[in-house]
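Dear colleague,

Please find below the structure that I am handing over to you. My notes on it follow directly after.

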Amino acid sequence: EDLGVWWRFFGTVMMLFGNAIISFQTVLEEKLMKTDETPVSPLVLVGIEGLVGVLWTSMFCLPVAQMLPGEEGHGGHEDTVSTVRMLITSSVLQAVTIAYFIAIFAWNIAGMEICRMSSATTRHVLSQVRTAATWVAALMLYYSGLLPQYGEPWQGLESWGKLFGFGILVLGVLIYLNPDPRSGVRTGDPRAQSLLEENDKTV
């Protein structure tokens with residue numbers, strides 16, 4: 001039992017560390033796209049990050065997961081050879097993989113454009129709505145009858161709590177993105193103050 005508690009604590013710390021790395025990465029992306037000297041294109045950034053991710057995963061993560069003890073699908077062990085074999089022989093898995101690549105590519109490009117036009121903070125605020133959208137999609141899958149095994153039923157008080165929490169989340173996003181009536185730019189945007197100063201000078 002104590003080992004389980006420590007593993008959960010370790011997992012929580014690793015999640016916090018991972019979020020810190022992602023936050024640093026997003027801020028760096030914003031700086032690279034908004035630099036006055038030679039701004040980097042969002043497409044170039046997505047391509048570089050994708051290439052580095054493929055190299056890191058194929059050269060380090062997958063070999064390590066292949067050598068870890070345990071049963072595949074239960075723990076850290078991952079049989080990469082079996083995964084590649086399934087991908088080659090299953091047309092359904094191929095279609096899902098292609099659809100996933102397209103969705104992630106579109107998601108990353110949209111996130112880069114939001115970061116370039118606004119800020120890294122806005123990108124992360126908007127990404128929080130993804131959790132609420134995932135929950136709604138799970139409810140739709142279950143009650144539509146299409147793929148109920150992958151969906152989630154309404155669970156009484158627990159679901160009402162989720163609905164309330166997601167409502168607060170969406171309300172917070174809308175408040176954050178609320179534009180200033182004088183500048184037409186959201187209040188949290190760094191450009192808002194400069195636009196207000198320009199308007200005061202012209203008046």
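Glu152, Glu158 and Lys162 are linked in a network of salt bridges, a salt bridge being a side-chain nitrogen of Lys or Arg within 4 Å of a carboxyl oxygen of Asp or Glu. Helices here are DSSP runs (H or I, at least four residues), as are strands (E, at least two), and both are numbered from the N terminus. Glutamate 152 is buried, with a relative accessible area of 19%, whereas lysine 162 is partly exposed at 25% relative accessibility. For these classes, buried means under 20% relative accessible area, exposed means over 50%, and partly exposed lies in between (1.4 Å probe, protein chains only).

Before you read further, please note that this is a predicted model, in which local features need pLDDT of at least 70 and side-chain atom pairs count only at pLDDT 80 or more, while totals for chains, interfaces and linings use all residues. Residues are numbered from 1 along each chain as its sequence is written, and side-chain values use heavy atoms, with hydrogens and water left out.

As to the overall fold, the chain contains 8 helices and 0 strands. Of its 203 residues, 17% are buried. Contact means heavy atoms within 4.5 Å; among contacts between residues at least 6 apart in sequence, 39% join residues at least 24 apart.

How many salt bridges does a search of the whole structure find? The search finds 5. In one of them, arginine 123 meets glutamate 29, with 2.7 Å between the closest N and O atoms. The two residues are 94 residues apart and link distant parts of the chain, arginine 123 being in helix H5 (residues 120–127) and glutamate 29 in helix H1 (residues 2–34). Arginine 123 is buried, with a relative accessible area of 16%, and glutamate 29 is buried as well, at 3%.

Another salt bridge joins the side chains of glutamate 113 and arginine 116 (2.5 Å, N to O). These two are about one helical turn from each other, because they are 3 residues apart in helix H4. Glutamate 113 counts as partly exposed, at 25% relative accessibility, and arginine 116 is also partly exposed, with a relative accessible area of 35%.

The largest nonpolar core has 7 residues, namely Met33, Leu45, Val46, Ile109, Met112, Cys115 and Ala120. Such a core is a set of buried Ala, Val, Leu, Ile, Met, Phe, Trp, Tyr and Cys residues joined through side-chain atoms within 4.5 Å. Helix H2 (42–67) and helix H4 (91–117) each supply at least two residues of this core, and H4 gives the most, with 3 residues. Methionine 112 touches, among others, the core residues Met33, Leu45 and Val46. Methionine 112 also touches Glu29 and Arg123, the two partners of a salt bridge described above.

Valine 40 lies in the loop between H1 and H2 and is partly exposed, with a relative accessible area of 24%. Not counting residues up to four places away in sequence, valine 40 touches Leu32, Met33 and Leu45.

The structure holds 0 disulfides, a disulfide being a pair of cysteine sulfur atoms within 2.5 Å. Cysteine 115 counts as buried, at 0% relative accessibility, while cysteine 61 is partly exposed, at 32%.

Finally, the surface. The chain exposes about 15,000 Å², of which carbon and sulfur atoms supply 71%; accessible areas come from the Shrake-Rupley method with a 1.4 Å probe, and for residues only the protein chains shown count as cover. Tyr142, Tyr143, Trp154, Leu157, Trp160 and Leu163 make a nonpolar surface patch of about 690 Å². Patches are made of residues with over 30% relative accessible area and no salt bridge, with like charges joined within 9 Å and nonpolar side chains (Val, Leu, Ile, Met, Phe, Trp, Tyr) within 5 Å. Helix H6 (129–144) and helix H7 (157–176) each supply at least two residues of the patch, and H7 gives the most, with 3 residues. Leucine 157 lies in helix H7 and is exposed, with a relative accessible area of 74%.

With kind regards
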